[in-house]
Amino acid sequence: MSHHLKEFPGVPLKDSDIQEGKVLTTRWEVKAEYAWDTGVALGEFFAGLKDGRILARQCDRCGRIVVPPRMFCEWCHRPNDRWVEVKDTGRVNTFSVSFVLWDASRVKVPSVPAVIEIDGCTPGVGFMHLLGNVGTTLEEILARVKIGMPVKAVWRPASERTGAITDIVHFVPREG
Amino acid sequence: MGYKNRVAVLGAGLTKFMRRAQETGKELCFEAARMALDSAGLELKDMEAVVMSTAPDAFDGVHMKGEYLADGAGGFRRPYMRSYVGGGSGVFSVIHGWYHVASGHFDTCLVVAEEKMSPCMPHPQAAFNAIYDQFTERPLGVNLLWIFALEMNRYMQVHKIPLETISLVSVKNKKNGLDHPCAQAGIPGEYTVKDIMDSEVLVWPVHRLMVSPVTDAAAAVVLVSERVAKRMTDKPVWVEGVGWHLDSSYWTNRDLYYPKYVEYAARMAYRMAVITDPRKEIHLAEVYDPFAYKELHHMEGLLLADKGEAPRLLEKGVTQRDGDLPVCPSGGLMGVGNPIAAAGLMKVAEVFWQLRGEAGARQVSRPVKRGLAQAWGDLMQVGTVVVLGV
């Protein structure tokens, strides 16, 4: 029936309609605060980061060694079996070059988010982090960073670590 | 299959797609629901149940949004249920409604999908941050574009797909959107590959003209049992297949180059629709395209192309409105707009109109008897598929 309709419902507003007060708006700001428990698995993982170690969990049934760690194997749906210290090196599984912040504002010097496959884990398994020392412009970064590139964690100085994912500053290229 | 009723789509309704609508979400729901009922020739009193789909409450700043929207959607004094699987919600809403009727519990069900993203200031992007892991991801400063850029790059690298080819999706869908009466101002248009490639790099490889916009809108469809459909219309459009599938939230532990969960959702829908060769038996597809690359990525997951083959079908013109397999003849999210849940239901409405030959300037050239609508969402992990046929 859409082809019979001349005009569909809806009144589009312009930003100026709001700025100039042509339509009424009511504003509200959320004030919400949360304290999240890191939980059993991530608690241990973050304690490990504070010591400069990356800890993974291994499942004896499927054999997978995974990060971020969890106390259960979601594949086998059973408790997994042990902590395994893996390396602080890995390979770039994929990356991007971000000029946008969380609020959609723009930055001149981009960040380089990447999925890092961690050495010692099951192939293809890793976590998201940032790449560093790979240039400050899109051209430099694209010339430098390749999928499959070997990288190494740069740790925050031990005294500054808080037991958080940011205890690793970023990953930088290394000789593979 | 063990279900009681065959289910038909009897009517569809849609509001304009707008960057900011004057109407509230409730008012948008009313407009879409009213239009769907009018087009079906039914009244709210005829609806035995109502199903609502709408994405994160954080956009509206209204918790229990399902209940807030219920009155506009007609969801009071009758069984009412909200379903939500992120971006997959709009297509999932039809699956949800299908269950209501197929189960034999109801003969009629009104399905409404709504999104009003504009209230969230300064930009709805901010509301998306709360979907990421609060321990391992949020402290890195993650935003929504990051993860799609990561997936897009992985897909491009594995199959060696040039950005120029992916830009062709934007060119096609933005052109198709010019014929959609609900398209959001400034979103459809005539663009060249160069225009797309020259647009601002947001999070490489994603450029501004490879992303769908923020949109306010609502959509609705009326689902009825075969018994009611036969009384009401000579042109029933049947829900022939439904499928959905969820993969792990540990998205950094799986290879993003291929959406396996979309394949499983599609296989489920094809099995139900007794489709053995989707490339021949699906005549048009409204594939989920919030980003340009997603249309290609999803065509492969839907088994409408081999892995890595979708870019070649696009280059050959197969997916144009006059091609053998028109994809996103509506203009899709890239050409019409992306009011999350309502965008998915818009795709189902488009397939409905195409199968009835009522898509006007958007009508595809080839004869169509069976079409597919698909959506995708959560943390790159859910696929929802509906196959409609006449």
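Predicted model: local features only at pLDDT ≥ 70, side-chain atom pairs only at ≥ 80, totals over all residues.
1. The axes of α4(B) (residues 89-102) and α15(B) come within 6 Å and cross at roughly 60 degrees. An angle between 35 and 65 degrees is neither roughly parallel nor roughly perpendicular, and α4(B) and α15(B) are therefore oblique to each other. Have a look at where they meet: S89(B), G90(B), V91(B), S93(B) and V94(B) on the α4(B) side are in contact with A341(B), G344(B), L345(B) and V348(B) on the α15(B) side.

2. The largest nonpolar core counts 165 residues, and L131(A), Y270(B) and L388(B) have the most contacts inside it. Helix α15 of chain B, residues 340-355, gives the most to this core, namely 12 residues. Apart from it there is another core of 26 residues, including L28(B) and A229(B).

3. Leaving out residues up to four places away in sequence, Y270(B) touches I275(B), P278(B), I282(B), L302(B), L303(B), L304(B), L372(B) and V387(B).

4. Now the sheet in chain B. Nine strands form an open sheet with mixed pairing, in the order β3-β2-β4-β7-β1-β8-β11-β10-β9. At its edges are β3 (80-83) and β9 (284-286), each pairing on one side only. On average, neighbouring strands are turned by 25 degrees against each other, direction ignored.

5. Is β10(B) enclosed or open to the outside? Eight of its eight residues are buried, so β10(B) is largely enclosed by the rest of the structure. In a regular strand, side chains alternate between the two faces of the sheet. Here R370(B), L372(B), Q374(B) and W376(B) point one way, while G371(B), A373(B), A375(B) and G377(B) point the other way.

6. What are the partners of β10(B)? Three bridges join β9(B) to β10(B) (residues 370-377), and these two strands run parallel. A285(B) has L372(B) as its bridge partner, and L284(B) stands opposite G371(B). Eight bridges join β10(B) to β11(B) (residues 382-389), and this pair runs antiparallel. Q374(B), for example, is paired with V385(B). The hairpin of β10(B) and β11(B) has four residues between the strands, and D378(B) takes a positive phi near 55 degrees there.

7. Finally, a loop residue. S248(B) sits between β8 (237-246) and α10 (260-273) of chain B. Its side chain reaches the backbone nitrogen of Y250(B) at 2.8 Å. Not counting residues up to four places away in sequence, S248(B) touches R254(B) and Q381(B) as well as E74(A).

Definitions and conventions
Residues numbered from 1 in each chain as written. Chains lettered and ligands numbered in written order. Heavy atoms only, no water. Core = buried A, V, L, I, M, F, W, Y, C linked by side-chain atoms within 4.5 Å. Buried < 20%, exposed > 50% of the residue type's maximum accessible area, 1.4 Å probe, protein only. Contact = heavy atoms within 4.5 Å. Pairing = 2+ DSSP bridges. Axes fitted to C-alpha atoms, helices over the stretch in contact; angles between N-to-C directions. Polar contact = N/O pair within 3.5 Å; in protein donor to acceptor, adjacent residues only side chain to side chain. Parallel < 35°, antiparallel > 145°, perpendicular 65-115°, else oblique.
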